[in-house]
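Hello,

Here is the structure I promised to pass on to you. Have a look at it first, and then read on for my notes.

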Amino acid sequence: MPQMVQQLLSQAGGLSQVPSRFIQPVEERPESEQGCTTIPVIDMKGIAENGNRIIAEIARACQEWGFFQVINHGVAPSLMEEFRDLAHEFFSLGQEEKEVNAIQPGKCVGYGRFFEQSDGVANWADNLILFSYGEEQRLAQPCMPPKPKRFREVVEKYGSAMFKLFTQLLELISAGLGLQPDAIAKQAKINDPGAAIRTDFNCYPPCPQPKLVLGSAPHADRGVLTVLQQDRVSGLQVAKDGKWFPVPPAKNAFVINLGDQMQIMSNGKYKSIVHRAVANQTETRYSFANFLMPADQTVIQPMAELLSASSPAVYRPIRFGEYIGGYSYLFKPLNRNIDSFRVIPQDCL
Ligand code: OGA
Ligand code: NI
């Protein structure tokens, strides 16, 4: 497996210079101009009586940013904390204990570095990737880390809570698009046994030269929706109007962003926005990203209710498995994967 960042930092004498495979080309480095506003924080408290306000706020955030944070979202703060503690415990295990669960060649789950590729720059991050929800995916994946002992139990409890939150968010987003509340869930078949939640545990150790690296290179998420828990250290940035906008951590909040499948289903009305994570010099940052993924055979296409003669389908129908199979992280923000499924060229819109 690649040498992990935690391993590099624990070498005798420490690390004063970043190895060259982590060094970003000048134009990708994190120094670019920063925006000074930030994504909306939406309070989901009292959804029965405040439903219409919440639907409207989410709709506006989806259209303006493709990103928002939610508080009072119904997931117990104690469960969020239990999950964070579990992750901290996992990443503080000895290297050999973590490697028991190393990502195997050709597989996408386990401990390793997501985005490790021969022709790209490595992220300044160590990752643990698994499925926390979904009948078929969980049966297919190799066992979860054997340590800490309670690992599977906590992850499955968290995965179920995430699925509930995804279901609720999709209802609110559907309603905001003027659709039946279950319209998006039905089209993405999120209750299919092959649908799943992939959960990435991202550990971004402190970096001696944070201006040369990225914790996570710019990308858009591939699934329907992403729910991210970040700890108290900032690092996430969202691209908008040619600038990077930081997403400051809010207590007990989740960051929500739309994935490429939502861009297709909304026929381009809502965008799956490019984002990245920057490194810092002093603190380890953790984030936990949950991606709602349809089953491979599920066909994703613009919702029929959103199409008309003046608003024809921008994307062709695509099997999710085909989408994922053809996905490359080496895209540049102007040449997105999703663009290869367009039937109407961008400049005609
Ligand atoms: C991701 C991601 C950002 C972060 O895992 O897809 O964008 O803040 N993470 O770690
Ligand atoms: Ni992401």
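A word on terms before we start: a strand here is a DSSP run of E with at least two residues, numbered from the N terminus. Please also keep in mind that this is a predicted model.

With that in place, Ala239 sits in strand S8, which covers residues 236-240. Ala239 and Pro218 are 21 residues apart in sequence, with 8.7 Å between their C-alpha atoms.

On annotation, UniProt lists residues 189-294 as "domain: Fe2OG dioxygenase", in an unreviewed entry. In the model, that stretch is 42% strand and 6% helix, and its end C-alpha atoms lie 6 Å apart.

Now to the helix I would look at next, H2, which runs over residues 47-64. What does its end-to-end distance show? The end C-alpha atoms of this 18-residue helix are only 22 Å apart, whereas a straight helix at 1.5 Å a residue would reach 26 Å. H2 also has a kink of about 40°, centred on Arg53. After H2 comes Gly66, with a positive phi near 70°.

Which residues of H2 are buried? They are Gly51, Ile54, Ile55, Ile58, Ala59, Ala61 and Cys62.

Finally, the chain as a whole. Its secondary structure comes to nine helices and 14 strands. The C-alpha trace spans about 65 × 45 × 40 Å along its principal axes. The radius of gyration is 20 Å, which agrees with the value near 20 Å that a compact globule of 349 residues would have. Of those 349 residues, 53% count as buried. The chain exposes about 15,400 Å², and 51% of that area is supplied by carbon and sulfur atoms. Among contacts between residues at least 6 apart in sequence, 79% join residues at least 24 apart.

I hope you enjoy looking through it.

Best wishes

Note on methods
Residues are numbered from 1 along each chain as its sequence is written. Chains are lettered from A and ligands numbered from 1 in the order in which they are written. This is a predicted model: local features need pLDDT of at least 70, side-chain atom pairs count only at pLDDT 80 or more; totals for chains, interfaces and linings use all residues. Side-chain values use heavy atoms; hydrogens and water are left out. Helices (H or I, at least four residues) and strands (E, at least two) are DSSP runs, numbered from the N terminus. The expected span of a helix is 1.5 Å times one less than its number of residues. The bend at a residue is the angle between axes fitted to the seven residues ending there and the seven starting there. Buried means under 20% relative accessible area, exposed over 50%, partly exposed in between (1.4 Å probe, protein chains only). The radius of gyration is taken over C-alpha atoms; the globule rule is 2.2 Å times the number of residues to the power 0.38. Contact means heavy atoms within 4.5 Å. Accessible areas come from the Shrake-Rupley method with a 1.4 Å probe; for residues, only the protein chains shown count as cover. UniProt positions are given in the numbering used here, feature names are shortened, and annotations may be inferred rather than shown by experiment.
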